[in-house]
Amino acid sequence: MRRQDMRSPLARAMGLGSARKGVGHWWAQRISAVALVPLTLWFVAEIIVHLGSDYGAFTAWMKSPTVALLMILLLVALFHHTALGLQVVIEDYVHSSAKFAGVLVAHLGCCALAVAGILATLKIAFGR
Amino acid sequence: MSGAMEADRPTPCLPGERPRPVSPNIQNYRPQLTSVLSILNRVTGLLLSVCAVMLVVWLVAGAAGPQAYAAVQGAISSWIGRIVLFGATLAFFFHLCGGIRHLVWDSVHGFELRSIYISGWAVVAATLALTAAAWIAGGIMGR
């Protein structure tokens, strides 16, 4: 750390509020990871089973309530996990003012992508 | 060389104060299974972020209609698409196995050096086996 100040390491840590949000982030990363193990394996297995199927077969597959439900759960867990992971990577390597912007873009981008994926899933599931 | 040393100089300190210890940069260390797997877990995580975007593109194309869906399917079926998909499969199974290894560590198990190497090689073997199994299954199903 290049910027030195007069405070003790304890005071600096308490001022930053460490051990408040860090555990929540760590725990959310683990919960989403545990959720992603069955969800991603289900997705990969489904893709393999449906290889070479046409558009009609694809929409018919997505119209199954189980498939739509698991797809939405996958999108939620995947983009939550991605946002948390990208935040850690940005915080590790970006030390300029771009850090805040990077974390913001990662979180908002993941949120937007998750919502777009969920909307697309619902449109296919409930479409004619 | 002196330029590199200059860049690695520790934080400036007051006269008479000992310089703060700094750890060397990553390239000063010999690569080991432990460090390589740790780096790969992060790299595959970043690659899978890109794959997550592609998943949404695929779903949105499906919602947009048959033409958009056919265009995306065509891109995936191309040679470049297949190579990207193979890399994505490899990255996915590596991050999955590496992630499970981390979850085991989180439960305070497997911290002995021997266990760390056994689980590390298990991740490598499982990644290759699962990727191969997925593509062999895909080859049979896609026929």
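Predicted model: local features only at pLDDT ≥ 70, side-chain atom pairs only at ≥ 80, totals over all residues.
At roughly what angle do the axes of helix H2 and helix H5 of chain B cross? Residues are numbered from 1 along each chain as its sequence is written, and chains are lettered from A and ligands numbered from 1 in the order in which they are written.

**View 1. Crossing of H2(B) and H5(B).** The axes of H2 (residues 33–64) and H5 (residues 113–141) of chain B come within 10 Å and cross at roughly 50°. H2(B) is therefore oblique to H5(B). Helices are DSSP runs (H or I, at least four residues), numbered from the N terminus. Oblique angles are those left after under 35 degrees (roughly parallel), over 145 (roughly antiparallel) and 65 to 115 (roughly perpendicular). The crossing is left-handed, that is, the near helix is turned anticlockwise from the far one by less than a right angle.

**View 2. Residues joining H2(B) and H5(B).** B:Leu33, B:Thr34 and B:Leu37 of H2(B) meet B:Ile116, B:Tyr117, B:Gly120 and B:Val123 of H5(B). Contact requires C-beta atoms, placed from the backbone, within 7 Å. These residues comprise five nonpolar, two polar and no charged; Gly counts as polar and Tyr as nonpolar.

**View 3. Domains of chain B.** Chain B is divided into domain 1 (46–77) and domain 2 (82–143), with bounds from an automatic or database domain assignment. Their centres, taken over C-alpha atoms, are separated by 24 Å. Domain 1 contributes four residues to the contact and domain 2 five residues.

Notes
Axes fitted to C-alpha atoms, helices over the stretch in contact; angles between N-to-C directions. Helix = DSSP H or I, 4+ residues; strand = E, 2+ residues; numbered from the N terminus. Contact = placed C-beta atoms within 7 Å.
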